[in-house]
Amino acid sequence: MKLLNGEIISNEKYNDNLFKIGVFSPYICKEAQLGQFVNVKCANPGTMDPLLRRPFGIFDIEKKFNVFSMLYRVRGKGTRFLSGLKKGDVLDFIGPLGNGIDLSAAKDSILLIGGGIGIAPLYLLAKEASRMKKNIFFAAGFKNKDYFMWEEDLIELKINYAIFTEDGTWGEKGLVSDYIWNNLKSFKDYDVYCCGPRDMLKALKRNYMGTGNKVTALLEEMMACGVGVCNGCVVKVKKGKRGFSYKKVCKDGPAFDLREVIFD
């Protein structure tokens, strides 16, 4: 983990609220592991508004060019600042953060389940699993067609996938969690990695409680420090048969056994 500065190579606009920003950083491209994230300062140099950094999962790494990218939605002051950055501007960030995921121990078949911006860290998993010649299926769910341009990135991977939208404007109409429930037997020999809204993760937890699949969830939580000091991103996880403990998403995660996470 280092405090870093990187030149912005691109800040591609997918639609009014969805962007992919590419940053030159040999260190991140060399050291980052699957599932890790960076904590970004979303303010001009010399200013502290907004005060807190914003965490973003690493979407892609192009080692040949020493460029990593982040997929983000404009939701508030911090992401609005990011959307205004141009090629040649310099980004201030800390990373890589969190514990990485080792796909070498995973099964030969991988199921990725993403909801909304939760697709971001899963894309890099899909890319690496593809490089390892694993059998991959990516199921993604959205409210509407706002993420439509992202499908071009997915197509480049040449993997099997299915897309669902709640309003039916893109892909199939419905919830991705319902699709998984209806196809549990088809994916019984798959290791599962998921990331997305809490309601989606809760539904997936119910779906998989009676199965033998290994299910890893990449949790998204609001963070302050991003390095395990402030306790601002704790989640409750099972401990023993009846107990529980609190874990920090930034330091102990962001990857957790979905069945162990307690959603109050």
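Author: Let's start with cover: a residue is called buried under 20% relative accessible area, exposed over 50% and partly exposed in between (1.4 Å probe, protein chains only). What you have above is a predicted model, where local features need pLDDT of at least 70, side-chain atom pairs need pLDDT 80 or more, and totals for chains, interfaces and linings use all residues. Residues count from 1 along each chain as its sequence is written, and side-chain values use heavy atoms, leaving out hydrogens and water.

Reader: Which parts of the chain does the bridge between K20 and D153 link?

Author: K20 is in strand β2 (residues 18-24) and D153 in helix α4 (residues 151-156), 133 residues apart. The helix and strand labels are DSSP runs numbered from the N terminus: H or I of at least four residues for helices, E of at least two for strands. The closest N and O atoms of K20 and D153 are 3.3 Å apart, and both residues are buried.

Reader: And where do D49 and K77 lie?

Author: D49 is in the loop between β3 (37-40) and β4, while K77 belongs to helix α2 (residues 77-83), so their contact ties together parts 28 residues apart in sequence. Their N to O distance is 2.6 Å. D49 is partly exposed at 48%, and K77 is partly exposed too, at 44%.

Reader: On to rings. How many aromatic pairs are there?

Author: The count is 15. Rings of Phe, Tyr and Trp (its six-membered ring) pair with centres within 6.5 Å; planes under 30 degrees apart are stacked, over 60 edge-to-face, and the rest tilted. F59 and Y123 are a stacked case, at 4.4 Å between centres and 10° between planes. F59 lies in the loop between β4 (54-57) and β5 (60-62) and Y123 in helix α3 (residues 119-131), so this pair joins parts 64 residues apart. F59 is buried at 0%, and so is Y123, at 3%.

Reader: What about F68 and F93: how far apart are their centres?

Author: They are 5.5 Å apart with planes at 65°, so F68 and F93 pair edge-to-face. F68 is in strand β6 (residues 67-73) and F93 in strand β7 (residues 90-97), 25 residues apart. F68 has 0% relative accessibility and counts as buried; F93 does as well, again at 0%. Ring pairs also build a cluster from F138, F142, Y147, F148, W150 and W170.

Reader: Last one, strands. How many bridges join β8 to β9?

Author: Seven, between β8 (residues 109-115) and β9, and the two run parallel. Strands pair if DSSP finds at least two bridges between them. Look for I110, which stands opposite I136 in β9. Strand β9 (residues 135-142) is mostly covered, with seven of its eight residues buried.

How values were computed. Salt bridge = Lys/Arg side-chain N within 4 Å of Asp/Glu carboxyl O.
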